[in-house]
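I opened my notebook to look up charged residues and their partners. My entries follow the structure shown here.

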Amino acid sequence: MPKKEKVRPGYWHVSETPEGRIQDWLTQWDKGHWDFYYTEPGPNLVKYFEKVTDGRKGLKILVPHCATTYDLIWFCERGHTVVGVDLAESAAQRIFKQYKQKPIIEDVPSINGKLYKNETGTFKFYAGNFFLFNEDLEGTFDFIWDSKAMCAVDIRDRPSYLKVIRRVMGPKCTMMLEFPTNIFPGAPYYFSEEQLKELYGDYCDVKYQDQYDFNPYKTYHGDVDEDGKPLKQEEAVGEEEKLVIHLQNYCLRKRD
């Protein structure tokens, strides 16, 4: 298997048109930029999830721009219903393989994509354009886990992203938002607390929670085997070993 091309965060190619930026995202998937394989949930998700949701059971959860995050599986194993959305169909195929589930696949013309779901409907993955996602597809949600999602969206597309989030937040919905404190030339973007309040403050209370360090190169890449385990782990080399992204976490509570 040829070695995946690597580009440092903030230096992705970005097209001028919305259609071009969609193709950029898919191209980056093909080149391995988003091709991560996770074997455990995000540390701040584990640390704060019960607290911010008040320990509620059977929640309906949305994970935008989810890629192949293990968090999807983690939610399902705890009895919640989870809906992930990402452009890359290969991500949906990978996560179902990792979860050892045979998906039911349906066309979803409204998002120019497909729906992958398990037999019970508790685990769904929409492979399509998130900016076209809306409450007509899945109703509203109790919890939204934005793990490096909004920060990956081009500034010109951010209003479309925020419009979807606002429409699908159910009554008393809680969202956890994670993004880097590092400032790069492009995505992933940093947000100050003041910026977050400008974006969400008219309908959500915004509260800082925590921070941890993450190196995207020190993770698994590529496909998984029949048991859902990664085939290999690429080694971080040279400057890659020194790259540390400081991820901070906020809790946003929708007001009544």
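**Entry 1: a positive patch**

I began with K172, which is exposed because its relative accessible area is 56%. My cut-offs are these: buried means under 20% relative accessible area, exposed means over 50%, and partly exposed lies in between (1.4 Å probe, protein chains only). I found K172 in strand β8, residues 169-180. Helices (H or I, at least four residues) and strands (E, at least two) are DSSP runs, numbered from the N terminus.

This is a predicted model, in which local features need pLDDT of at least 70 and side-chain atom pairs count only at pLDDT 80 or more, while totals for chains, interfaces and linings use all residues. Residues are numbered from 1 along each chain as its sequence is written, and side-chain values use heavy atoms, with hydrogens and water left out.

Which residues gather with K172 in a patch of positive charge? I noted K51, R56, K207 and R253 beside K172 in that surface patch. Patches take residues with over 30% relative accessible area and no salt bridge; like charges are joined within 9 Å, and nonpolar side chains (Val, Leu, Ile, Met, Phe, Trp, Tyr) within 5 Å. Lys and Arg count as positive and Asp and Glu as negative; His and the chain ends are not counted. The place of a charge is NZ of Lys, CZ of Arg, CG of Asp or CD of Glu.

**Entry 2: the whole protein**

I then stepped back. The protein has seven helices and eleven strands. Of its 256 residues, 55% are buried. It exposes about 12,200 Å², and carbon and sulfur atoms supply 49% of that area. Accessible areas come from the Shrake-Rupley method with a 1.4 Å probe; for residues, only the protein chains shown count as cover.

I also looked up contacts (heavy atoms within 4.5 Å). Among those between residues at least 6 apart in sequence, 72% join residues at least 24 apart.

**Entry 3: E106**

Next I turned to E106, in strand β4, residues 104-108. Is E106 buried, partly exposed or exposed? E106 counts as partly exposed because its relative accessibility is 32%.

I set aside neighbours within four places in sequence. E106 then touches K114, L115 and K117. I also checked Y116: E106 and Y116 are ten residues apart in sequence, and their C-alpha atoms are 6.7 Å apart.

E106 forms a salt bridge with K117, and their closest N and O atoms are 2.9 Å apart. E106 lies in strand β4 and K117 in strand β5 (residues 113-117), so this pair ties together parts that are eleven residues apart in sequence. A salt bridge is a side-chain nitrogen of Lys or Arg within 4 Å of a carboxyl oxygen of Asp or Glu.

**Entry 4: other salt bridges**

How many salt bridges does the structure hold? I wrote down 13.

One of them joins E135 and R167, with closest N and O atoms 3.0 Å apart. This pair links distant parts of the chain: E135 is in helix α5 (residues 135-138) and R167 in helix α6 (residues 158-168), 32 residues apart. E135 is partly exposed at 28%, and R167 is partly exposed at 38%.

Another pairs D202 with R166 at 2.8 Å between the closest N and O atoms. D202 lies in the loop between α7 (193-200) and β9 (204-214) and R166 in helix α6, so the pair ties together parts 36 residues apart in sequence. D202 is exposed at 51%, whereas R166 is partly exposed at 39%.
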